[in-house]
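Take a walk through this model, one contact and one element at a time. Keep the sequence and the structure side by side.

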Amino acid sequence: MRTEYKIFAAVAAFLFAAAAVYGVYTLNTGNISGTDPDAAGFRGGTEWVGVVALILSGLLCSMCAGFFWFVARRIDLRPEDREDGEIAEGAGEVGFFSPGSYWPFGIALSAAVAGLGLVFWMWWLVAFGLICVIVTSCGLLFEYYSGTRHPEAHL
């Protein structure tokens with residue numbers, strides 16, 4: 001986990017630096033299209049959408065880096081985190097992975113319905129889509145705890 005948090009912290013630092021450079025660059029750059037400022041719609045000044053997007057992306061990477069740093073403090077070093085780690089040390093069972101599930105399709109379909117509700121400004125469709133997202137997410141979460149699909153470890 002140490003490698004992961006270092007990567008995310010480096011990307012976050014780059015995004016914050018890029019936001020600062022982008023903000024200063026757009027502040028000092030006027031109308032470069034060569035047309036009338038009123039017709040182009042840009043008279044200079046900071047372009048805030050890009051700056052805010054870069055800052056929020058940096059915050060998201062910082063959040064991931066913080067999570068990986070928090071987890072890395074609480075677990076032992078993995079073979080890939082040690083300088084003398086061997087590939088064979090990482091062999092063995094990693095975990096249980098679902099061989100196939102239709103629930104992610106349901107989550108995507110529900111999110112699409114909620115998105116269509118936002119696009120067409122139909123709040124009842126947004127509410128219906130979000131309720132369906134919650135139901136299908138619960139179905140994915142509890143897929144192996146109900147019904148006939150139980151992993152061998154739980155039998």
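The side chain of Glu143 makes a polar contact with the side chain of Ser101, at 3.0 Å. A polar contact is a pair of N or O atoms within 3.5 Å; within protein, one atom must be able to donate a hydrogen and the other to accept it, and residues adjacent in sequence count only if both atoms are side-chain atoms. Glu143 sits in the segment after helix H5 (123-141). Glu143 is buried, at 8% relative accessibility. Here buried means under 20% relative accessible area, exposed over 50%, and partly exposed in between (1.4 Å probe, protein chains only).

The model is predicted: local features need pLDDT of at least 70, side-chain atom pairs count only at pLDDT 80 or more, and totals for chains, interfaces and linings use all residues. Residues are numbered from 1 along each chain as its sequence is written, and side-chain values use heavy atoms, with hydrogens and water left out.

Now the overall layout. The protein chain has 5 helices and 0 strands. From the N terminus on, its elements run α-α-α-α-α. Helices (H or I, at least four residues) and strands (E, at least two) are DSSP runs, numbered from the N terminus. Of the 155 residues in the protein chain, 19% are buried.

UniProt, in an unreviewed entry, places the feature "transmembrane region" at residues 7-28, 48-72, 102-121 and 127-145. UniProt positions follow the numbering used here, feature names are shortened, and annotations may be inferred rather than shown by experiment. Over residues 7-28 the chain is 100% helix and 0% strand, with end C-alpha atoms 32 Å apart. Residues 102-121 are 85% helix and 0% strand, and there the end C-alpha atoms are 29 Å apart.

Trp121 is found in the loop between helix H4 (103-119) and H5. Its phi is near 60°, a positive value in a residue other than glycine. Most residues other than glycine have a negative phi. Trp121 is exposed, with a relative accessible area of 61%.

Which side chains meet in a salt bridge? Those of Glu4 and Arg78 do, at 3.0 Å, N to O. Glu4 lies in helix H1 (residues 2-28) and Arg78 in the loop between H3 and H4, so the pair ties together parts that are 74 residues apart in sequence. The count comes to 1 salt bridge, by the rule that a side-chain nitrogen of Lys or Arg lies within 4 Å of a carboxyl oxygen of Asp or Glu. Glu4 is partly exposed, with a relative accessible area of 25%.

Next, the surface. Phe16, Trp48, Val52, Ile55, Leu56 and Leu59 form a nonpolar patch with about 580 Å² of accessible area together. Patches are made of residues with over 30% relative accessible area and no salt bridge; like charges are joined within 9 Å, and nonpolar side chains (Val, Leu, Ile, Met, Phe, Trp, Tyr) within 5 Å. Accessible areas come from the Shrake-Rupley method with a 1.4 Å probe; for residues, only the protein chains shown count as cover. Helix H3 (residues 48-74) gives the most to the nonpolar patch, with 5 residues. Leu59 has its place in helix H3 and is partly exposed, at 45% relative accessible area.

Last, the cysteines. How many disulfides does the structure hold? The count is 0, where a disulfide is a pair of cysteine sulfur atoms within 2.5 Å. The sulfur of Cys64 is 6.3 Å from the closest cysteine sulfur, in Cys61, too far for a bond. Cys64 is partly exposed, with a relative accessible area of 25%. Cys138 also counts as partly exposed, at 36% relative accessibility.
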